[in-house]
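Reader: Can you walk me through this one? I'd like to start with a single residue and then move on to the sheet.
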Amino acid sequence: MIELRPFSKLGGADHGWLKAKHHFSFASYYDPNNMGHGALRVWNDDEIAPNTGFPPHPHRDMEIITYVRDGAITHEDSLGNKGRTEAGDVQVMSAGSGVRHSEYNLEPETTRIFQIWIEPTQAGGQPTWGSKPFPKSDRSGKLVTIASGVKGDTDALPIRADARVLATTLKAGESAEYDVGKARHLYLVPAVGSVEVNGVKVEARDGAAIRDEAKVRITALEDAEVILVDAA
């Protein structure tokens, strides 16, 4: 079963410096029938104006993955971590028992990100942060795991969740496949380009909530960049 969630119908807010679309209930957008997809709790599509951003604020008991689509994001937190994550790279913060952080766009252009929150398997624990480049050339024509709590995914950024986050870049006509375990919740969003997922057309920035499919086949209808979450 694939439920299409068109970008035009997503909840959202325009704060001037921040244009946000929410795939699930978040902040001022509240929908009791759309609180997440399995352990996936948040998928925000954010556009952050130059020299603006999120001032220091707290999090706890959440795995927060930031996928940078354009521009760069500069992170600083109460653990002393500082880092700049640019387009094509990924950062992960395990909020654990509690952490404060800020995220700013210090670039001269708009920064565009997907921010993905996944519920951890256990509450508490020491907060952590990490960032890693995942060159688009390395994921051309295949799904690459970029963040994971699954044993054996050693090349991915670690998260404390029964989940993995994958990415691929596909040229028009190319396909990538993913075998789905039982009772899993998959959510897919093309950052760029339109794709067909098991026969369902998904445009750029649309969401596709996937359940009860043994295999997912993603075929690019045009050059595309796709992010996929597989969660319990």
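Reader: Which residues does Thr-111 touch, leaving out those up to four places away in sequence?
Author: This is a predicted model. In it, Thr-111 touches Asp-46, Glu-47 and Ile-48, then Asp-70, Gly-71 and Ala-72, and also Asn-105.

Reader: Is Thr-111 buried or exposed?
Author: Thr-111 is buried, because its relative accessibility is 0% and the cut-off for buried is under 20%.

Reader: And which strand is Thr-111 in?
Author: Strand β11, which covers residues 111-118.

Reader: Switching to the open sheet. What is the strand order?
Author: Seven strands, running β1-β20-β17-β22-β15-β13-β14, with mixed pairing.

Reader: Which are the edge strands?
Author: β1 (2-5) and β14 (157-158). Each of them pairs on one side only.

Reader: How do β13 and β15 pair?
Author: Antiparallel, over four bridges. β13 spans residues 144-148 and β15 spans residues 163-170.

Reader: What stands opposite Ala-147?
Author: Val-165, in β15.

Reader: Which residues does the UniProt domain annotation cover?
Author: Residues 147-230, according to an unreviewed UniProt entry. The annotation reads "Quercetin 2,3-dioxygenase C-terminal cupin".

Reader: What is the helix and strand content of residues 147-230?
Author: The span is 0% helix and 57% strand. Its end C-alpha atoms lie 11 Å apart.

Terms used:
Residues numbered from 1 in each chain as written. Predicted model: local features only at pLDDT ≥ 70, side-chain atom pairs only at ≥ 80, totals over all residues. Heavy atoms only, no water. Helix = DSSP H or I, 4+ residues; strand = E, 2+ residues; numbered from the N terminus. Buried < 20%, exposed > 50% of the residue type's maximum accessible area, 1.4 Å probe, protein only. Contact = heavy atoms within 4.5 Å. Pairing = 2+ DSSP bridges. UniProt positions renumbered as here; feature names shortened; annotations may be inferred.
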